[in-house]
Structures are given as structure tokens and as C-alpha cells.
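Have the structure open as you read.

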Amino acid sequence: MTKTKRIAPRASMLIESMRDIGYTLESALADVIDNSISAGAKTIDIFADTSAAEPAMAILDDGEGMGEDELLDAMRPGSRSPLDERSMNDLGRFGLGLKTASFSQCRRVTVVSRKGSRTTCARWDLDAVVAADDWLVELPEDIDEIAWADRLGEQGTLVLWEKLDRLSESEGSPVDRENMVRRVDEAGQHLELVFHRFLAGERGLKRVSMKLNNRALEAFDPFHSNHPATIPGPEERIRVKGHDVVIRAFTLPHHKKVSPAEWTRYEGRGGYLKNQGFYVYRAKRLIIHGTWFGLARQAELTKLARVRIDMPNQLDADWKIDVKKASAQPPFRVRERLRSIIETIGATSKRVYTARGRKLASDSRVPVWRRIQDKNEISYSINPDHPVIADFAARLPEELKHDFHRVMEMTSAAIPVDALFADISGQPEKIAGANISDDSLNHVIATTYRTLFDAGISGDEILEMLRVAEPFRSNWEATQKQIDAIRLAMELP
């Protein structure tokens, strides 16, 4: 016979430990908003009073609300098993989110909920729990003094955070206030990304309106999927334990295809390099993004590749979804499939990002620079066969030709590769070629055209060659006028 003995966790110690699961402000807000969406809310308001002597935050929704028994159960840590069957639209997971997310940011969380004609209220005050060393939840009867409670409609729930010790570390100093405002703004941007499919009202989802201090949050689609220059791939479905995991790759537009404002907006926090990779959605809610799951490196040439992965909540255990719903690992079958298609996923991004360089290096027969690939190394050198360079070299006296080739070798060897790579990685939209004077441009056009024509290339072919090569491409209007004048002088049609 085995004896048993009940050993209850000490409330004062466990409740403090529950604060350090690893939430950020934005992930904590997202976790509470999950409950609002699961409750059928159409409107969600987030309030942040950062100027008061005691700052506070709140999340208010117009969902179905809770009765007293439902509210007390929702306030219970571990109110629902992660093994329970959930509806496909349920964004919950462990039955811990409301509590752990709130405790991570504040020492007092009050929940006011209205269902039918009944309004109920419950509060966890960590200082009271620690003092009593017992799991004692308070039940305030007068809600008139509770901030933002007067905004509750006929139904809905208000979650109020007070004693914001994790946000207000320096007791109201001006520097701390500025930091709070910045963090709240960043949290708003995070919510625009995490819930963008709900904010946009994607097909199959009810549109949800969210506001932060009365400012409407706008859906931020990380795939820029409505832009005509975005390249979507085909959908692929992987069957796992009777459920579909849906994968679709997107290649974002090259910076030449979008406005500067669009390019800056869609790079996201951290930039294109950091935000490439897989975007995993659980029940259409983003839980992790900007990772290749160790299957590939975040490289410059794949920075335009973003891959949407939709998983149902029935596969939570297989994906190892954590309490914060901010971490996941694909199951073996999905991981192996991703490994086999990852080269295809990045290939389109590489083509878009390098298309301009390949065009000038291979399609044109008049490149100023030659691209040389030797084994595993790629280098660039000035093309001595370019018509202008060849013409100039031919007119040099013999004693200067060798010196001229030395100058070209020195110039080719001195390309600032590191600086170019850093600038293109950080601000590619600001990289531009040097200006060329009208006199120099006219000389280059005339020399190039006549040399190619004398080599037996037709006028139409020359036009196509120059159209894709610099400096003609960037000065095409002037180039075309000059060519027309040359053809007229040569009495060509």
C-alpha cells in the first residue's frame, strides 16, 4: 500500500515565479487579446495611461462576457488543460494566458465582465497573495471606481493592469515615462502584425477592430500580398495526424518596384534581413516569424523571401507551442518537407534581388564591368573590350598602353566590396550610380554605337543592348535622342 500526502505549492513563492515566464509587453497584450477574439469580440480597445501618478493599462472588448462562475474559473491558474479539445477558432492554449500575461506586467489585475444583465468582478493582487501566502482572489462589489469600467457595453470584458512595476521601474521619472510611451507604441505595431488577418477581415474570419488609445490599429501584412510586384508561390498542404499544414511562399517586391515609404514600412522592425523566413500562424494568429528553424541561414540574397505556414490548434503539442504562444518547432514530417523545398523557397527571392545585376553581367554585350566566377570566388573587373575603353586604348601611344592597363587593374582591385555590401544590406534604396556629364554621355553613346555598328550589329540590336546597360539605362531619354541624331547623320533608317 502506498501512502499519499497532499503538498500544496506556497502561493507567495509560486505566484512570483509565474511572473518570469518570459513575456514582453507586446506578447502579454497579444495573449489577453486572444481571449477577447475567442469570446467573439468585434471591437477591442487598449488603453494606456502613462501620464498618471500610477500608470495603468486595460484591454476592453465587446465579446460574450462571463458570469460569476465563468469568471472565477478564468481567474484560476491552469483553468483548462492543453489536452482538451478546442474549437478550431479558439486561440487559447494552457488556461494560463490571462494570469501569466497579466502577472508578467503588473502586480494587480482586475477583470470586470458583463453577461446579460449581470456584471461580475474579480481581482488578483499579488501583494495580498504574498502577505497571506494563500490563493485569495478579491471580489470587488463596487466597480464605479475601476478605471475604464464605465466603457463596458451590454456585454464584454475589461482586463485592468495596475501597479505596473515592470513598465515603471524608476518611479515616474521623465525618462521612464518616455520609455513607457515608446514601448506602448511598439506594442501597437506588434499587434498590427500578429493579428493582421483579423484586422483585415480575411476570408473566413470575422473582422476585428482594434484601437490603442483611440487610434485605430491597421493590419500589417508582412507579405505585401496585394502589391502587383509581389510573387506568391503555390500552396502546399502537408497532412499531419489528420490535419492540414498549409505552406505558401511569397517574394516581396524589389525596392525599385515600390515607393520609398512602402519599402521602409514592409521591412518591419529589424529590417528585411532579420524578417526573412517562416511565419507560423496558429488559427490565423501569428505566433513566430523571421526564422528558418535552423534549416538555412538568414542571407542577403534571400531577404525578400517570407513563407506563410498555417497550422491548426489541434497540432499544438506536435509544434511544441509554449505558454506565451511565441515559440514553436515544426514536427518531423513538416520539418523534413521544409528542408527539401527551402532552396525553391529562396530561389525566387534571389532572382528578384539579383536580376538587375545578372541582366547587366550576362544579357548585355556592352558591360563596363565583367563578372568573373572562378571556383568558389566571384570577382568584378573593368571590361577592356567595352567599346569606349577599347577605342581609347587603341588611340594611346604604345608607351602608355601598358600604364593604362595597370590603372584598370588597380581600379578593379580596389572595388570597396565591404562598404558596398554593408550599404546594400542596410539601405539598398539609397544606392545610386555616379552622375555623368552631358558631354561625357554623348561621347560614350556615339563611340559605343559606332563601334557596335561597325562590328555588324543591327541598329535595333544595339538599342536593346544599350537599353539594359549603364549609363544608358538611367539616361535613356537622352540616349535615344543621341542615337536618333547619329542615325540621321549616318543616313540610316
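Start with Glu-202, which is partly exposed, with a relative accessible area of 25%. Keep in mind that this is a predicted model. The side chain of Glu-202 meets that of Arg-197 in a salt bridge, at 2.8 Å from N to O. Arg-197 itself is buried, at 2% relative accessibility.

| Salt bridge | N to O distance |
|---|---|
| Arg-19 and Asp-165 | 2.7 Å |
| Arg-197 and Glu-202 | 2.8 Å |
| Arg-108 and Asp-125 | 3.8 Å |

What does the bridge between Arg-19 and Asp-165 tie together? Arg-19 sits in the loop between α1 (11–17) and α2 (25–38), while Asp-165 is in the loop between β5 (156–162) and α6 (174–194), so the pair joins parts that lie 146 residues apart in sequence. Arg-19 is buried, with a relative accessible area of 3%, and Asp-165 counts as partly exposed at 28%.

Now for Arg-108 and Asp-125, whose closest N and O atoms are 3.8 Å apart. Asp-125 counts as buried, at 7% relative accessibility.

Which residues are linked with Arg-108 and Asp-125 in a network of salt bridges? The network also takes in Glu-16, Arg-107, Asp-127, Glu-162 and Lys-163.

Notes. Residues are numbered from 1 along each chain as its sequence is written. This is a predicted model: local features need pLDDT of at least 70, side-chain atom pairs count only at pLDDT 80 or more; totals for chains, interfaces and linings use all residues. Side-chain values use heavy atoms; hydrogens and water are left out. A salt bridge is a side-chain nitrogen of Lys or Arg within 4 Å of a carboxyl oxygen of Asp or Glu. Helices (H or I, at least four residues) and strands (E, at least two) are DSSP runs, numbered from the N terminus. Buried means under 20% relative accessible area, exposed over 50%, partly exposed in between (1.4 Å probe, protein chains only).
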